[in-house]
Amino acid sequence: MTTHTELPSMQESLLDVGDKKIFVAETGDGPPVLLLHGGGPGASGISNYRRNIAELAKEYRVVVPDLPGYGRSTKGVDGADPFGYLADAIRALLDRLGLEKAHLVGNSYGGACALRLALDSPDRVDRMVLMGPGGIGTTRVLPTPGLGSLLTYYSGEGPSRLKLEKFIRTYLVFNAADVPDSLIDARYAASIDPEVVAAPPLRRPKSLRALWKTDFTRDGRLARLPVPTLVLWGAADKVNRPSGGRMLAERMPNCDLYEVANTGHWVQFERAELFNRLCADFLAGRR
């Protein structure tokens, strides 16, 4: 039976970062690593990485923010260039923390944020780990049913626990039984925060220009990105197609690709022990 390490004690702060407040939790000593969470309804940094923080903190200073639009951070995301908006916020957070450079680990929406930050400011990123990142080939194929479920959570009849449970158990993970009811309850409660309902942070692009900006395979800088990158992708990912991993590996000069069998969109949660080992070793340059 797989066991999961409990969360360690963490220092929590609500920091003024430009015109936003960004919630950050920290633990551990060593090279700094920012863990950037996904964009599903009710997501937050700690909940996204609860199976990884303690292990990574044995070797790294682990910094876990809530992205703008989520958790305890300022709500709202600029729909004209969401990945750029998030990247600007996290770069400003690095400044606020006094970090000239850091490792970035990003899942889904957080992976898109990490990749955009690396493209815009490669000197600020040491190494990068991306798990099923968003924005890969999005203008080349129709959205998956999982992404469609994600993007329509706040539309139609509006958010509901049933809609969220269907997204998580049907599309997010390979093994629905791995997700406790308590996790769904907590995420549903966060997803119906009135500020979030008024300004959902993840929406369909409203213009062709906005759509183009959300597809990194259209960005010529990808082929010149010097940042060593490890891409982990669940072979059964129903939100972002696993073929995106090969797209990145073919375009990026320093990209390792690891496809994880019997795993959905949430590699760091579903295969925590494997993820923790691969991530720690890659960031340390041991592989």
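## Elements and model

Helices (H or I, at least four residues) and strands (E, at least two) are DSSP runs, numbered from the N terminus. In that numbering, Ser-108 sits in the loop between E5 and H4. The model described here is predicted.

## The sheet

Eight strands make up an open sheet with mixed pairing, in the order E1-E2-E4-E3-E5-E6-E7-E8. Strand E1 (11-17) and strand E8 (255-260) stand at its edges; each has a single partner strand, so one side of each lacks a neighbour in the sheet. On average, neighbouring strands of this sheet are turned by 20° against each other, direction ignored.

Strands of a sheet pair through backbone hydrogen bonds, either parallel or antiparallel.

Strand E5 (residues 102-107) pairs with E6 in the parallel sense, over five bridges. Gly-106 is bridged to Leu-130 in E6. Of the seven residues of strand E6 (residues 125-131), six are buried, so this strand is largely enclosed by the rest of the structure.

## Helices H3 and H4

Two packed helices are described by the angle between their axes and the distance between the axes. For helix H3 (residues 82-96) and helix H4 (residues 109-120), the axes come within 8 Å and cross at roughly 70°. Angles of 65 to 115 degrees count as roughly perpendicular, so H3 is roughly perpendicular to H4.

The H3 side of the contact is made by Pro-82, Phe-83, Gly-84, Leu-86, Ala-87, Ile-90, Arg-91 and Leu-94. These meet Tyr-109, Ala-112, Cys-113, Arg-116, Leu-117 and Asp-120 in H4. By class, the contact residues are ten nonpolar, one polar and three charged.

## Helix H7

Which residues of helix H7 (residues 181-191) are buried? They are Leu-183, Ile-184, Arg-187 and Ser-191. Seen down the axis of H7, these buried residues fall within an arc of 95°, so they line one face of the helix. Their cover includes helix H6 (161-172), helix H8 (194-198) and helix H11 (267-270).

Most residues other than glycine have a negative phi, and most peptide bonds are trans. Ser-108 is not a glycine, yet has a positive phi of about 60°. Asn-262 is another non-glycine residue with a positive phi, of about 50°. Asn-262 lies in the loop between E8 and H11.

Is each of these residues buried or exposed? The cut-offs are under 20% relative accessible area for buried and over 50% for exposed. Ser-108, in the loop between E5 and H4, has a relative accessible area of 10% and is therefore buried. Asn-262 has a relative accessible area of 55% and is therefore exposed.

Methods:
Residues are numbered from 1 along each chain as its sequence is written. This is a predicted model: local features need pLDDT of at least 70, side-chain atom pairs count only at pLDDT 80 or more; totals for chains, interfaces and linings use all residues. Side-chain values use heavy atoms; hydrogens and water are left out. Axes are lines fitted to C-alpha atoms, for helices over the stretch in contact, and angles run from 0 to 180 degrees between N-to-C directions. Angles under 35 degrees count as roughly parallel, over 145 as roughly antiparallel, 65 to 115 as roughly perpendicular and the rest as oblique. Contact means heavy atoms within 4.5 Å. Ala, Val, Leu, Ile, Met, Phe, Trp, Tyr, Cys and Pro count as nonpolar, Asp, Glu, Lys and Arg as charged, and the others, Gly among them, as polar. Buried means under 20% relative accessible area, exposed over 50%, partly exposed in between (1.4 Å probe, protein chains only). The arc is that of the directions from the helix axis to the C-beta atoms. Two strands pair if DSSP finds at least two bridges between them.
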